[in-house]
Amino acid sequence: DVCSSDREAQPQAIFNADSGEILTTASGMNYVVLGVFSTTENAERAILQAHKLMSDLHYSVYHYGDKYMVSLYNAPSRSECQEFVNSVGNSFQDLWIYSRK
């Protein structure tokens, strides 16, 4: 896996049942987006479904306006995010990259 070492280096602020923490995107960062959801329950459901496809990923939930964005990976470089998308594209069809200005 091209990006496994990068994923391990990410902060371990992961949305889960224990913390329930919803993160804030950072200026200059790029995020590989699984989807944007209107409720935290829908975001959690998407994470559970995605986890069945790839259990070794770290799923994070971010505020995205008044909605919730589920991200599988983030990096300062858009090209790193594109490499990640290419590496998991067989499992996830509709990933996109959000770049926070």
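Which residues in helix α3 (residues 78-88) are buried? In this predicted model, the buried residues of α3 are C81, F84, V85 and V88, where buried means under 20% relative accessible area, exposed means over 50% and partly exposed lies in between (1.4 Å probe, protein chains only). Seen down the axis of α3, these buried residues fall within an arc of 100 degrees, so they line one face of the helix; the arc is that of the directions from the helix axis to the C-beta atoms.

Residues are numbered from 1 along each chain as its sequence is written, and side-chain values use heavy atoms, with hydrogens and water left out. Because the model is predicted, local features need pLDDT of at least 70 and side-chain atom pairs count only at pLDDT 80 or more, whereas totals for chains, interfaces and linings use all residues.

The chain contains three helices and four strands, which follow one another from the N terminus as α-β-α-β-β-α-β; helices (H or I, at least four residues) and strands (E, at least two) are DSSP runs, numbered from the N terminus. Of the 101 residues in the chain, 39% are buried. The chain exposes about 5,700 Å², of which carbon and sulfur atoms supply 48%, as given by the Shrake-Rupley method with a 1.4 Å probe, with only the protein chains shown counting as cover for residues.

The strands form an open sheet of four, in the order β2-β3-β1-β4 and with antiparallel pairing, two strands being paired if DSSP finds at least two bridges between them. At the edges stand β2 (60-64) and β4 (96-99), each with a single partner strand, so one side of each is left without a neighbour in the sheet. From one strand to the next, the twist averages 50 degrees. Strand β1 (residues 30-37) and strand β3 (residues 67-75) are joined in the antiparallel sense over seven bridges, and V32 has Y73 in β3 as its bridge partner.

Two helices lie across this sheet. Helix α2 (residues 40-53) lies across β1, β2 and β3 and runs at about 115 degrees to β1, while α3 lies across β1, β3 and β4 and runs at about 95 degrees to β3; the axes are lines fitted to C-alpha atoms, for helices over the stretch in contact, and the angles run from 0 to 180 degrees between N-to-C directions.

Five aromatic pairs are present in the structure, a pair being formed by rings of Phe, Tyr and Trp (its six-membered ring) whose centres lie within 6.5 Å, with planes under 30 degrees apart counted as stacked, over 60 as edge-to-face and the rest as tilted. The ring centres of Y64 and Y98 are 5.3 Å apart and their planes stand at 80 degrees, so this pair is edge-to-face; it links Y64 in strand β2 with Y98 in strand β4, 34 residues apart. The pair of Y73 and F84 is stacked, at 4.7 Å centre to centre and with 5 degrees between the planes, and both residues are buried. Y31, Y62, Y64, W96 and Y98 form one aromatic cluster.

Residue T25, in the loop between α1 (4-9) and β1, is buried, with a relative accessible area of 10%. Residues up to four places away in sequence aside, T25 touches Y31, Y62, H63, M69, Y98 and R100, contact meaning heavy atoms within 4.5 Å.
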